[in-house]
Amino acid sequence: MRTPEINRKRFELARRCVYVVIALAVIIPYFFNPKQEFKPMAEVVSVYEKIDAMKPGDQVLMAFDYDPSSEAELYPMSMALLRHCFKKGVIPVIVTHWFAGLGLFEKACNEAAEDANSMWGKKIVSGRDYALLGFRPGWTDLIVKIERDLKGAYETDYFKQPTRGMKALEGVNSLEDFELMIDLAAGATVEFWIAYGTDKSGTPMAAGTTAVSAPDLYPFYKSGQMIGFMGGLRGAADYEKLLKIPDRGERGMLAQSAAHIIIILLVLGANVHMFAKRLFGNKRD
Amino acid sequence: MFLKRTLPLLIVFTIGSLAFVHDFIPHPLSGEFRSEMASWMMIIGGFGMFLGVYSLMHMHITRIRQKMAGWGYSVFVFIGAVGMIATGVYGDIVGVSKDDIDLFDWGYKYIQVPCGATIFSILAFFVASAAFRTFRAKNMAAGLLLGAAVIVMFGRVPICEAVGGWVFNDRQAIVNVANAIMNYPNLAVKRGLLLGIGLAAIAQSVRVLFGVERTYLGGAD
Amino acid sequence: MRKSAAVIVKPLTTLAVIALAAMLPAGRVAAQTRPATTTQATTQRAILAEAIPVAESLRAFDLPNDGGKGIIVQWAKPADEPNGVTYIVQIARTKADFQAGKFETQEVSPSPKALASAKPAYFGYSDDANKLYYAEIVPAAVFGPAKPGPLTPERLKKFADKGVLTPSELDRALAAMKLLPQPAPTTKPTTSPAAKEQHKLTPAQQAELEWYQVLAAYLTKLDGEHVDAEIDTINSAPYSFRLGVKLDGQVALVSHDGEPIVVEAQAVVNLFKWGKLNNLILSLAFSAVVVAFIQVAKRKPGLFIRKIAGLEAIDEAIGRATEMDRPVFFTHGSGSVTALPVIASLNILSRIAYRAAEHDSRVRVMNQDPITTAVSQEIVQQAYTEAGRPDAYNPDEVSLVASDQFSYVAAVSGRMVREEPGAIFLMGTFGADSLLLSETGASTGAIQIAGTDSYTQLPFFVTTCDYTLMGEELYAASAYLSREPRLLGSLRGQDVGKAFIMIVLVLGIILFTAAAAVKGWDLDWLRRLLEASNA
């Protein structure tokens, strides 16, 4: 019988070993940048195709419901979506439930606007080519409010400009007036948007989440409540590939491959160890 | 008793029932009512933040005053809060010229963003550690789960396409199996869970609406 | 989506329409736009005549299930619809406006989406819906209200005339207006925030400019409200409609005896969304079953409830924490108090606090939402009072930790490592924080009991916690812990609902499998009947 103290020490040792291996698996691939061939997933392709089929001047409501903690996975998605919108002349209207992410969203808009200028010679102006409406409290209540009266929920945008009369919001008064709604979520907001927003207004919806939460979205995707979604860094990489603008998503794929393989090997190794113990009659565990 | 029990329960029943029927009534009045309720909730939420901040500050002041274990961390709460508020207010009132460093932006970009990302990235280590410790094919069901997990994990990274092409002469072979696992067995289980949770949530709502469940008002009857 | 299609075709002159109507085959075709050579014209007219819908099928009526915004124009799909044909709906305020050429048009291209069957909420589930086209008309989108332009000195004066601004406010606004950068920006450039522009102004001027911006926002809001009121007026008026067919630039109107047919309709405010009737019936039926079982349970207490290990272990976990002289940690995750799992977790908190007070153990409740904090404080205080230990309650032990998800995780994890709790309860709504908290908790050696309906997080809890309440088990907690007959009764009602869904699922699978095997057996109507409509 092993004492709890020994068990605890073994637990700590195993943990530390796993951490070191994972750290190496994630860090080392960042020094290499080989070209990787992969086919974008169908759920990402449908989001891309929806935006690609839009006309200039169409508006997309984007809820960037994340903060710096999930920046690694969701920021590349935001960039890919904004670049695509600016390229097509589609107007992204950005709202958020997470005030701590506002600085990131402003940065994303500025960076995508600069890219649009350098890549396609387009001068992107806030209030005309996009609207960053910013944060309001209320969670589900904010969604209910936006579903009915967007300009009532946001009388001014993030830059304190009045939303009524804003060119980017011309013709949109409520959620049903948008061609598409996309929620990039680090938390549970996707379900809120479906239940309180798009299911009522009938607006097509897409989403992007961290890889941990991506399996959550399959029931909604398969039931048609969502036209598609991006899951984790792989989702961002797929979108970048479709857009043909490689960035952090595609670059992160090698590290992700390495980490997944290491975890698989660790799990398989632990199982081999367990079977070996059983085979040789070691019943201490 | 009336103010602590009967009135709150009446409010819950009335507003809850109206919120329920709102979904079925397209009349503008119904929409305005829901919109008005949403505004009230947002305002109450804003005031709630004051309560929260008071509770947070009170707790940390007590910890510092009583020199409780780890009180030094409480000092950091104040340094962070006061520092960010001060730089934010300064930037807003006095303004920061283009050439100067905006300390608020600096704190956000170089402290909050990396700290948040660090905490999130710990998840990768924890997932690996938890999987390593607990994923054992101890019986048939656990073995199936392990097999599915390995295929899905491998099927989600680009390298699987190269391996699929090499082993099965079809780059999408492993991806397709991973997708099938996600689209069918995974989805079936999730739908089952969702239906159960949905029914339980409706039952819970009925209990709350009719005042059968009232612990949330502060303790039992 | 109710965003109206853009008005593509500009109105034809009415005289031309009437003159050309006489040239077209009697009864159905009423107009064409431009003369063609004789042979071409004859062929075109023949094709066009085939494309004209039956006159009797043209109808206009209020858009159902809405708040008085839209009107539906509906017509039959011609039996031989030529390729390249589009339908045009002409909309006028009155019948006479057609004669005066004062009308707008909306185009409808033939596609499955334009068929009435695409909107069962409006047209039902019959096969006839596959033979009808429809156009959704929102009058305000067609005859939109005049847009108020940007604020100018003249418009400010008009606001003053209406009494919105006092004379002194008008003077102040006009003076402040001159401080605006020229030309006055209605939008803000991406890379040059207005704050930087304002640096050139004195602090007094800047204050005036800020005052003006607040005033401008208020006046723009007034403008918006005025426009909204106008939209309502426009939408609620009656309108006249004509239908035409367009092929290769030629337009022919649906007519009777050479006279274009005009139909009229008015949008009205509806009181019920009929498309959601199925939802309402099922919700009410299920609620009724739950209420009925609550009543039954009141008369016949002692309903059986299966053992839930996670809830059985609560007392054991608190006992162990007491023995080890360590605190008990409780977290609601990231949900606010409006989230049902959080309400359910509050019930469990009440029980835990009561037990901890009895055992003289400390409970630390760490929250991410301020209102949940306030409610938790109330509940814990009440539990301590009921346990006869009101003096032991310390509000600092139930506090807000951080409202940001990962700041919260960092703070709670830090306290777990430093204070080494004896038991940790993770109950409520969780996202990526689930594994971060539970893995840290596992490393401290505490007994961990988790409960959530965030089903993606369940695998993480199962691997790292000693007990996990899965999905609906969390909602059953209050009934299980209190053994209150009424609450147990509601669980029985829930089981009946589940049995019903299971029977429907099995029957559905059998029926649809059989329908796939038997040729000509279409069960699409059944699927659509159960589908909730978004209309």
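**Figure 1. Domain division of chain B in the predicted model.** Chain B of this predicted model is divided into domain 1 (1-56), domain 2 (69-134) and domain 3 (137-221). A distance of 34 Å separates the C-alpha centres of domain 1 of chain B and domain 2 of chain B.

**Figure 2. Domain division of chain A.** For chain A, the domain assignment gives domain 1, made of 4-31 + 257-279, and domain 2, made of 42-251. The C-alpha centres of domain 1 of chain A and domain 2 of chain A are 38 Å apart.

**Figure 3. Contact between chain A and chain C.** In this view, 38 residues of chain A are in contact with 30 residues of chain C. On the chain A side, helix H4 (102-120) and helix H7 (189-201) each supply at least two residues. The contribution of H4(A) is the most, with 3 residues. Sorted by class, the side of chain A that touches chain C holds 12 nonpolar, 13 polar and 13 charged residues.

**Figure 4. The open sheet of 6 strands in chain C.** The strands follow the order E13-E12-E11-E14-E15-E16 (chain C), and their pairing is parallel. At the edges stand strand E13 (398-400) and strand E16 (467-470) of chain C; each has a single partner strand, so one side of each is left without a neighbour in the sheet. From one strand to the next, the twist averages 15°.

**Figure 5. Strands E14 and E15 of chain C, with helix H11.** Strand E14 (residues 423-429) of chain C and strand E15 (residues 447-452) of chain C run parallel and are joined by 6 bridges. C:Gly428 has C:Thr452 in E15(C) as its bridge partner. Helix H11 (residues 309-323) of chain C packs on the sheet, where it touches strand E11 (328-333), E14, E15 and E16 of chain C. The direction of H11 makes about 145° with that of E15(C).

**Figure 6. The open sheet of 3 strands in chain C.** This sheet has the order E1-E2-E5 (chain C) and antiparallel pairing. Strand E1 (59-62) and strand E5 (132-137) of chain C are at the edges with a single partner strand each, so one side of each is left without a neighbour in the sheet. Direction ignored, neighbouring strands of this sheet are turned by 25° against each other on average. Over 4 bridges, E1(C) pairs in the antiparallel sense with strand E2 (residues 71-76) of chain C. Within this view, C:Phe61 stands opposite C:Ile72 in E2(C).

Figure 7. C:Glu210 lies in helix H9 (residues 203-236) of chain C. With 13 other C-beta atoms within 10 Å, C:Glu210 is partly exposed. C:Ala176 is 34 residues apart from C:Glu210 along the chain, and the C-alpha atoms of the two are separated by 8.9 Å.

Figure 8. Helix H17 (residues 472-482) of chain C has 11 residues, of which 10 are buried, so the helix is largely enclosed by the rest of the structure. Among the buried residues of H17(C) are C:Glu472 and C:Glu473 at one end of the list, and also C:Leu474, C:Tyr475, C:Tyr480 and C:Leu481. C:Ala476, C:Ala477, C:Ser478 and C:Ala479 are buried too. C:Arg483 follows H17(C) and has a positive phi, near 55°.

How values were computed. Residues numbered from 1 in each chain as written. Chains lettered and ligands numbered in written order. Predicted model: local features only at pLDDT ≥ 70, side-chain atom pairs only at ≥ 80, totals over all residues. Pairing = 2+ DSSP bridges. Axes fitted to C-alpha atoms, helices over the stretch in contact; angles between N-to-C directions. Contact = placed C-beta atoms within 7 Å. Buried ≥ 20, exposed ≤ 12 C-beta atoms within 10 Å, placed from the backbone. Nonpolar A, V, L, I, M, F, W, Y, C, P; charged D, E, K, R; others polar. Domains from an automatic or database assignment.
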